[in-house]
Amino acid sequence: MSSFGFGLITAAVLAIATVGFTMQFAVTNVLNLAYGSIMINSAYVTYWVNTHGASIWLAMFAGVACGAVVSWFLNRFIYTPFQHKNLIPITLVIVSLGVNLIGTFGLQAIVGGSFVAYKMSQGHEFHILGMLLSGVQLIIFAICAVVLISIHWLLKYTRLGKAMRATSANRNLARNSGVKTQFIISMTWIISGALCGLAGTVFAMNSGVFEATSAEPYIVLLLAAMFLGGPGEPYGAMFGALTIGLATEISAAYIAADYKEVIAFLVLLGMLAFRPFGLFGSEKAL
Amino acid sequence: MLGPKYEVACLAATQEIDKLGGVLGHQINCKTVDTRGDPADAVPAVRQMYATTPNLGFVIGCTSDEASTVVPIFGANNTVSFCMTGESEFDAVKFPYFFRLVPPDAADAVAMVAIAQNKGFKKIALAFGNDAGSQTFVQPAIDGIAKVSGMSVVSNVTLDISATSFQTEAQSIVSAHPDAIMMEALGAAGVALLSEIYQLNGNKMIPVIGTSAMIDPTFFSGVTAAIPTATFIANFDADNAVASSATPAYPLFKKLVLAQSGKVRGVGNFSTLLSANGTVHLYDGVNIAALAMVMSKSTKGAKYKNDILKIANGVPGATVVTSYAQGLAALKAHKKIRYEGVGGLYNFDAFHTSFGAFEDAQYTASGGTASVGTLSASQLSGL
Amino acid sequence: MWFYITTILVYGAVDALACLGLNMQFGVAGISNFGFIIFQAAGAYTAAVLSMPPAATSNGGFQQYILGWNLPWPLPWIGAALVGGLIALPFVFLVGKRLRGDFAAVGLLVSAVLLNLLATNYIPFLNGAAGISIVPAPLQSIFDSQGLGYQLAYGGVAILLTIFVYFLLRRITESPYGRSLRAMRDNDVVADSLGKNLRGQRTSILVLGGMVAGLSGGILVGFISLWAPGAWGYAETIVLFAAIIIGGAGNHKGAILGAILVPLGFEEITRFLPPFGSPSLVPALEWVAIGLLIILFLWFRPTGVIPEKRRILSAIVGRAPAVAATGEADASKDNIGAIDDFNFRSVLNTTPVANDHRVILSTQGLTKTFSGVTVVSDVSIAVQQGRLTGMIGPNGAGKSTMMALLAGTLPATSGQIFYDGRDITRVASYKRAQEGLVRTFQLASEFKKLTVLENLVCAIPRQSGDSFLGSLRGRRFWGEQDKNNIERAEEILEGFGLSQYADLYAGGLSGGQRRLVEIMRALLAEPKVLLLDEPMAGVHPNLARKIGNHLTKLVADGMTIVMVEHELSIMDEFCDPVIVLADGKVLAQGTMGELRANSDVVEAYLVG
């Protein structure tokens with residue numbers, strides 16, 4: 001039962017990250033493999049504000065802002081210009097890997113290789129349904145719930161959200177129907193970037209200590225969760241994150257801890273091989 | 001080769017040697033070579049070292065990451081090397097130019113069991129990383145535990161050191177209710193595991209017995225960011241090859257190491273190096289090699305390598321010396337010598353490994369280490 | 001000093017081999033193999049365990065590994081190449097036809113991480129994280145493997161092998177098969193529609209590149225005597241990609257230059273820097289520099305230092321290379337008048353057949369659904385041999401989807417397709433093309449980085465050099481036929497008045513010219529049934545009419561054509577019958593005259 005609880009925590013962090021990741025893919029059709037490096041950079045911004053006296057919950061907003069600004073910048077000044085250059089499609093993936101190297105190791109060059117941790121209290125412990133959870137973990141759940149409900153509300157009930165969905169379904173059609181697609185894409189990157197920054201901070205909070213390359217392996221979990229739910233599908237991402245989060249922790253408990261992430265790898269490869277459009281999705285028109 | 005701990009050892013020893021006129025009239029200089037910890041990168045690094053380093057005396061400090069690839073190259077070039085590796089390869093294959101001042105991992109693991117025995121721990125959890133260096137401890141530890149009556153392994157977890165969270169692993173250890181955890185996990189994994197165990201155990205730490213590699217400033221600063229320093233110190237022991245401040249060689253060593261303050265980057269507090277395994281033993285290694293050169297009147301590895309054995313292991317009637325200066329004077333007086341260093345007496349076996357003695361070390365509040373007891377050879381050999 | 005030089009030679013050769021293999025996959029065939037390092041690792045492990053004595057008895061038995069066959073050189077190297085190739089086979093499922101290139105790339109990247117994790121964790125297989133050490137050097141029982149002479153010879157053999165591989169890969173790249181590979185790289189869907197077996201091509205190149213990578217691993221492990229998971233992190237592949245992008249993707253010389261500049265040069269030069277900062281600073285900055293170089297090169301010089309060279313085919317048939325127009329092709333020089341006198345029959349190798357107007361292509365209840373939206377709904381049509389059938393309908397009526405279904409570009413959701421009396425619903429599209437069912441595309445579909453002539457020649461079926469084995473047999477085997485094919489392509493190009501563009505990249509032509517190239521290319525594919533999707537869009541009306549006349553002649557000679565077109569005057573003039581689609585259904589069928597009299601059709605399409 002306890003591994004179920006950890007699975008939920010892993011899933012909560014992963015859900016925040018994957019929703020942002022999949023939204024970026026939805027509107028720009030880019031697999032932003034630099035996502036993990038923006039997460040960890042945001043986590044460090046939170047850390048920096050935190051060590052200068054701000055409480056972690058206040059500092060978190062700085063991390064969120066960092067994620068939003070950096071992501072917007074990345075799309076506006078790197079991905080979009082490259083897309084306009086009309087190179088072969090794989091170019092963007094290679095560019096995102098390059099950005100990932102710069103982001104991760106640039107950070108490492110600045111902060112060095114040592115581990116840091118936030119100044120925060122873990123809070124009381126709670127026994128809920130046989131799961132042992134710390135106060136911080138409950139807050140992470142709450143943040144995750146608020147984020148997912150807000151995203152649901154955004155996509156379903158706001159003009160911006162509807163325009164985002166229209167843009168991701170068919171950008172040209174959306175533009176012809178009067179949607180300011182450039183603006184919508186920028187907004188999407190700001191919102192998803194904020195999620196990325198938030199995910200980086202809660203990720204660092206949850207793992208206790210972190211360093212510049214800590215989020216490097218995280219991209220595999222992100223990709224697995226995204227492909228499970230269907231690339232570009234925010235609701236699918238939530239489902240994928242839940243499944244992958246539970247699967248890794250439960251397999252760690254019942255199979256072997258050092259193979260725990262193998263399940264995520266296998267899910268990802270299986271989805272790519274047999275259902276690249278997700279478990280519930282189907283192929284899109286040409 | 002790599003790492004500030006090793007570089008300081010070299011600078012400290014050679015400063016004194018050069019002040020005394022060097023070895024056979026040659027000054028000794030230190031040069032660092034970065035192997036990037038990647039076995040494939042190490043070969044060109046070492047070859048480049050040979051190409052750009054005339055009069056190479058000897059090499060110190062290669063670690064488990066690259067030892068297997070570079071030691072044969074040192075052998076082919078008749079270069080004496082002092083390595084800091086516990087790899088079991090070197091218990092099985094003889095390399096004439098290879099010397100190991102630290103015990104192999106198997107002995108290290110036995111020392112951990114001895115600490116547990118002394119502290120009266122019965123139920124032991126094992127938590128080792130899936131990297132090469134850590135995995136070599138597992139089997140010897142299990143074998144050692146089996147020999148102590150009443151002691152048993154209640155949990156054995158292998159950690160994927162690249163994973164990002166270790167909650168389930170931490171939970172499985174906590175729920176096995178061990179008296180102590182034996183562990184080696186480098187990088188974030190060790191820190192994350194301990195901080196999660198601490199949380200899951202109701203903000204109480206389960207005692208931990210680490211390997212000598214867990215005496216590391218980065219690990220200390222990471223873990224004390226997550227666990228209160230006092231709690232951590234009280235519950236953490238590591239086995240460490242003896243580096244006692246009680247040895248006669250220590251005062252000079254201390255003076256020389258502290259004199260390097262600020263000359264090497266990435267160290268932080270230089271006093272932590274006074275008890276660092278690498279600094280202590282490699283300092284001794286440099287002295288032994290220098291004395292062997294003097295004794296054989298040659299800087300050629302092929303000539304002086306046998307004298308290393310004589311000086312370290314001693315021969316009948318040898319005078320014990322505790323510094324390069326003493327040794328130099330004794331050799332000039334045509335006496336046989338045996339070197340007793342900061343790490344005590346050395347004794348190389350047929351594979352050129354010196355097991356030495358072990359101590360039970362704890363961290364101090366500043367991140368240094370202090371010995372809280374030695375482990376007797378008879379206790380160790382019984383395990 | 002000399003030992004350092006031999007080390008550089010060996011590492012240079014290993015890196016060059018790796019870059020050559022990856023360049024063949026990525027630069028030539030367009031397979032983004034982000035897991036390339038897997039194949040080098042497989043070769044290295046194979047060479048290690050083949051040359052090692054049995055694990056239990058060797059060196060005190062301190063390591064665990066499989067095999068341990070104690071084989072003499074060169075068997076371990078041969079084994080390394082073979083296993084490097086074989087291990088490529090399971091990855092075909094990722095690079096097979098249907099998966100997006102970037103998804104496949106991610107799959108391969110993740111596979112590299114996964115396999116490294118498994119090799120690390122499962123110790124009995126390849127000794128886990130510690131890796132396999134004390135690997136015997138080749139022939140070390142005969143020679144002193146640490147001697148200078150031996151090491152120089154090792155470097156020499158490694159370089160000779162690199163040169164051999166260079167010429168081998170060049171032989172393949174410059175053959176008709178290489179042309180097909182490059183066509184697949186530029187546009188795989190179109191190459192598929194012209195009869196290129198994508199899965200087959202990708203499999204052979206994945207295996208070939210894997211063999212080269214495996215060999216490089218074998219050479220490396222014999223030299224350094226150890227192989228461990230730490231030596232093949234997934235990031236090593238990124239370094240190789242950086243090398244190829246900087247050196248020049250698609251050009252084997254560029255790949256070698258990239259190998260010298262990036263993996264070799266970068267590593268070696270930083271060794272000579274005085275140490276500064278913390279120990280992790282220099283490696284961190286190295287990665288930042290590699291990331292920056294990748295992005296800067298892709299932005300400012302995506303073709304690399306030595307760009308892929310343009311192949312001047314017209315020189316092969318003894319003509320002066322075409323005038324290289326600069327920038328936008330100059331349409332005023334197009335001599336479209338020549339098309340009137342042009343004799344397709346001779347160029348296309350067609351012998352006229354008598355038209356019997358039997359049903360040659362038909363569908364039965366054909367339906368296509370995307371994400372729950374039905375685009376083609378229960379369509380049953382019959383196309384008669386020797387007729388030019390038109391297909392019209394408003395935007396979104398499902399015309400292009402129909403073409404894609406008929407040609408097999410898209411699989412049908414339900415229903416059946418019959419071609420020449422046979423059910424071909426499940427037949428792969430490249431096979432349909434090989435059997436004479438050829439399509440063109442509504443959107444631009446030229447192979448951008450192939451010249452106009454190459455675009456045309458690569459469509460010609462049954463080329464003896466257009467197979468992996470054929471390409472290996474060299475120019476002597478396929479040269480004569482290829483020359484003949486180029487001549488035919490030249491002729492048709494002249495007929496369309498575009499010979500001055502023969503040796504320019506097709507990507508640089510104007511929209512109308514590209515449509516013409518596409519029509520010519522489809523004709524050279526020797527279709528029995530030709531599916532044209534808006535072939536006249538952007539083509540000058542006069543020229544469109546002339547082309548229409550020629551199509552009529554071809555139909556008279558026995559070809560069957562189905563043409564989607566918006567321009568109703570073209571339909572009026574050339575097509576009979578005409579099928580009207582609306583909302584994915586057949587609305588009506590008949591001559592244009594009949595359709596104009598049909599009120600449904602007029603309402604749905606002709607007016608709206």
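Q: What percentage of the 286 residues of chain A count as buried?

A: A residue is buried if 20 or more other C-beta atoms, placed from the backbone, lie within 10 Å of its own, exposed if 12 or fewer, and partly exposed in between. By this criterion, 61% of the 286 residues of chain A count as buried. The model is predicted: local features need pLDDT of at least 70, side-chain atom pairs count only at pLDDT 80 or more, and totals for chains, interfaces and linings use all residues. Residues are numbered from 1 along each chain as its sequence is written, while chains are lettered from A and ligands numbered from 1 in the order in which they are written.

Q: How many helices and strands make up the secondary structure of chain A?

A: Helices (H or I, at least four residues) and strands (E, at least two) are DSSP runs, numbered from the N terminus. Chain A comes to eleven helices and two strands, and their order along the sequence is α-α-α-α-β-β-α-α-α-α-α-α-α.

Q: Why is chain A described as being as compact as a globular protein of its length?

A: The radius of gyration is taken over C-alpha atoms, and the globule rule is 2.2 Å times the number of residues to the power 0.38. Chain A has a radius of gyration of 18 Å, close to the 19 Å given by the rule for 286 residues, so it is as compact as a globular protein of that length. Along the principal axes, the C-alpha atoms of chain A fill a box of roughly 55 × 40 × 35 Å.

Q: Which residues have the most contacts inside the largest nonpolar core?

A: A nonpolar core is a set of buried Ala, Val, Leu, Ile, Met, Phe, Trp, Tyr and Cys residues joined through C-beta atoms within 7 Å. The largest one has 439 residues, and those with the most contacts inside it are Ile16(A), Met39(A), Ala224(A), Leu268(A), Ala127(B) and Cys19(C). Helix H1 (residues 2–28) of chain A gives the most to this core, with 16 residues.

Q: With which residues is Leu268(A) in contact, leaving aside its neighbours within four places in sequence?

A: Two residues are in contact if their C-beta atoms, placed from the backbone, lie within 7 Å. With those neighbours set aside, the partners of Leu268(A) are Val220(A), Leu223(A), Ala224(A), Phe227(A) and Val110(C). Among contacts in chain A between residues at least 6 apart in sequence, 75% join residues at least 24 apart.

Q: How many residues of chain B are in contact with chain A?

A: The contact joins 27 residues of chain B to 30 residues of chain A. On the side of chain B that touches chain A, H9(B) gives the most, with seven residues. For composition, Ala, Val, Leu, Ile, Met, Phe, Trp, Tyr, Cys and Pro count as nonpolar, Asp, Glu, Lys and Arg as charged, and the others, Gly among them, as polar. The residues on this side of chain B divide into nine nonpolar, 15 polar and three charged.

Q: Into which domains is chain C divided?

A: Domain bounds come from an automatic or database domain assignment. Chain C is divided into domain 1 (2–233) and domain 2 (331–607), with C-alpha centres 43 Å apart. Their contact takes 22 residues from domain 1 of chain C and 30 residues from domain 2 of chain C. H8(C) gives the most to the domain 1 side, with eight residues, and that side has eight nonpolar, eight polar and six charged residues.
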